[in-house]
Amino acid sequence: MSAPRVRELGPGDATRLAALERELFGPSAWSAAMVREEIGGPGRWYVGIDAEPDARAPAGLVPSSDVVAYAGSWFDGEVTQVMTLAVAGAAQRRGYGRVLLAALVDRARADGASAVLLEVRVDNEPAIALYREAGFEVLGRRRRYYQPEDVDAFTMRLELDGRTPPTP
């Protein structure tokens, strides 16, 4: 399998991202309108990975290519905040989350951010392991951060002091 290609996302991806939001986040999912607004917001940068084309598609037909993993960040001039990082259920365990996180951290470094911050559900052990592997440390716990589920979040931080993040 070749390395996944990360591409910048735009408002035209909002409908697909909203469908993934519903699949992955249920009651707290963003709507297509919310996704469009977020992607177009100042200081925002969103990237995604499309599904691998189906090699079994008949010759001459262009197989559809949908986003199966996406991530976004917001740079406020000092610190980068990871707004979201998500991988469709059928595409998990392929390293897409690691690739997208590395892209966000690389962008934060290029922007001159001093650190990268994020929140993660305390019960999302695979995501917490991914972030720890990338060098993030838990700063604290936000009670009932995720609504309407009433789930706590860990706040995590990666200092960008010239260290190179792990390469996927």
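Two strands pair if DSSP finds at least two bridges between them, and strands (E, at least two residues) and helices (H or I, at least four) are DSSP runs numbered from the N terminus. This is a predicted model, in which local features need pLDDT of at least 70, side-chain atom pairs count only at pLDDT 80 or more, and totals for chains, interfaces and linings use all residues. Residues are numbered from 1 along each chain as its sequence is written, and side-chain values use heavy atoms, with hydrogens and water left out.

Start with strand S7, residues 151-159. Seven of its nine residues are buried, so S7 is largely enclosed by the rest of the structure; buried means under 20% relative accessible area with a 1.4 Å probe, protein chains only.

Next, select strand S6, residues 137-146. S6 runs antiparallel to S7, and six bridges join them. Tyrosine 146 has valine 151 of S7 as its bridge partner, and arginine 141 has phenylalanine 154.

Leucine 117 is partnered with arginine 157 of S7.

Finally, move to helices H1 (residues 14-25) and H2 (residues 32-39), which pack at an angle of about 120° with their axes 8 Å apart. Axes are lines fitted to C-alpha atoms over the stretch in contact, and angles run from 0 to 180 degrees between N-to-C directions. To see the contact (heavy atoms within 4.5 Å), select Ala14, Thr15, Leu17 and Ala18 of H1 with Ala32, Val35, Arg36 and Ile39 of H2.

How values were computed. Buried < 20%, exposed > 50% of the residue type's maximum accessible area, 1.4 Å probe, protein only.
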